[in-house]
Amino acid sequence: VSRLLYLLQQETSSTELRTECAVVLGSLAMGTENNVKSLLDCHIIPALLQGLLSPDLKFIEACLRCLRTIFISPVTPEDLLYTDATVISHLMALLSRSRYTQEYICQIFSHCCKGPDHQTILFNHGAVQNIAHLLVSTSYKVRMQALKCFSVLAFENPQVSMTLVNVSVDGELLPQIFVKMLQRDKPIEMQLTSAKCLTSMCRAGAIRTDDSCIVLKTLPCLVRMCSKERLLEERVEGAETLAYLIETDVELQRIASITDHLIVMLADYFKYPSSVSAITDIKRLDHDLKHAHELRQAAFKLYASLGANDEDIRKKIIETENMMDRIVNGLSESSIKVRLAAVRCLHSLSRSVQQLRTSFQDHAVWKPLMKVLQNAPNEILIVASSTLCNLLLEFSPSKEPILESGAIELLCSLTQSENLALRVNGIWALMNMAFQAEQKIKSDILRGLSTEQLFQLLSDSDVNVLMKTLGLLRNLLSTRPHIDHIMSTHGKQIMQAVTLILEGEHNIEVKEQTLCILANIADGTTAKELIMTNDDILQKIKYYMSHSNAKLQLAAMFCISNLIWNEEEGSQERQDKLRDMGIVDILHKLSQSSDPNLCDK
């Protein structure tokens, strides 16, 4: 190898010799991953890139072909293409030289474009303008590689997608060219790749979700890719792309769910590897095994997208043969990708009240879910804890057993996570758990959280965490005996927290929740005294009664009305104190209010 590289770089070697060296190196690069590694160790890439400066086209093509082979290997770091800024602009200039330079350069770009940074570099070097006209090349290979380039450039990239919509080649806009490439008479790889381009453009908002090129062309094409006739790889890619296309759009979810019996068609994804009859099938078995978990992952993802919003679709999915068993099995698979996709699917279905009461109960879904939550990586934890939030709603029969399996500890630990989504989910699940719960559960939650952690959450910089923590407090402080019990043990700290928030710079919703918590405290029998003996808090209630926002005024009046019920002990003294503070005058003023709610209250 070092000898070949030496000859390749010698200016004195004849061009024929240097070209042959590049060809042989290209053949070596087609071997194993270790072959490619040893070529990289000999610094083959800088040598080949240097070769691209030669005036000889045949030599340039040989260098590009070898570079292409090296860059499509999984062991080659993509960043090697971007280390020298002049390389990309030189490659762009070489695009016009021949159909071979076009094919290889597009292939290099599409393999080395990983993530937004690479997309931006290529975009800024004029990739869109330089590659667009190649979509109408006479060579199928050039058209195909150019199309692949666009599919990776546009993926999750609004800037590229918005640009593509307005580019035209020979008087035809790119979306129209992509739609032509979707037609059934085109090779499958071309149909799939152009569907990916249109999907990315649609998700970026460059094409509307109700545009006919999405509803009548892209979506049906992707559903076709999921059918039994297609190769396993094509079925995986088809399902994953379709899941991405319909993920956030209810109408597309409905259309997909009734196209070509898709929901039933996906059930077939779980039947690999199929039983092997003859020894000749060993090769097929190996292939099936390799793709089996990819198929399951793709099916789970697509089911998750299909069921994201519509109750009827969820019902159809759950009624598909053995669906719940498949999800439960998916939760304990060795492949992390399958586990994640199974949890996503479960999360999507757990948004259904009906299913939480029936299928989820029959299959004791919470057991494997709690297991998934032990030491899982963050991306799984986030979806699994969201699912747990739904399983902990008061109408869900899973609530009891989940509590017995140590959920409080687990959720309290999530609230301490560095990761924001996990903190939100941990506190959200605790809030759901505390709703209409018995006193023992409430005490366990307070003990598990600790006062320090509660204060930590109340001063969290994220408003979502704050709102859910206030929601938890409000749920803990409901029903009289509970209010009195909790305020007798944690009263001082809770009053401190309330004061802290009412004094802080918070939005209306946060202040309203906090005043509602005060109103709950005011409803306690003994807890009332914590408000009545706290002049600072009473002044704050008075202040909010005259606030400019009606929601806050109403919440403040709830506090007052809970303090003054005539039939409760000590009501006379409380009324006198409030009267002395001038509350009655404010009430007189509010009874003249133009807002009927305020006036009424």
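Author: Let us begin with a pocket, which on a 1 Å grid over the protein atoms alone is an open set of points with protein on both sides within 12 Å along at least five of seven lines, its lining residues having an atom within 4 Å of a point. The second largest pocket is lined by Glu400, Leu403, Glu404, Ile408, Glu409, Glu438, Lys440, Ile441, Asp444 and Gly448. This is a predicted model, in which local features need pLDDT of at least 70 and side-chain atom pairs count only at pLDDT 80 or more, while totals for chains, interfaces and linings use all residues. Residues are numbered from 1 along each chain as its sequence is written, and side-chain values use heavy atoms, with hydrogens and water left out.

Reader: Which helix gives the most to the lining of the second largest pocket?

Author: Helices here are DSSP runs (H or I, at least four residues) numbered from the N terminus. At least two lining residues come from each of α26 (399-404), α27 (407-414) and α29 (439-449). The greatest contribution, four residues, is that of α29.

Reader: What volume does the largest pocket have?

Author: Its lining consists of 46 residues, with Phe155, Lys196, Glu237, Glu240 and Thr241 nearest the centre, and α15 gives the most, eight residues. A volume is the space filled by probe spheres set on the grid points, which are joined across faces, edges and corners. For the largest pocket, that space is about 1,800 Å³.

Reader: How many cavities of 30 Å³ or more does the search find?

Author: A cavity is a set of grid points where a 1.4 Å probe fits but cannot get out. The search covers the whole structure, and the number of cavities found is one.
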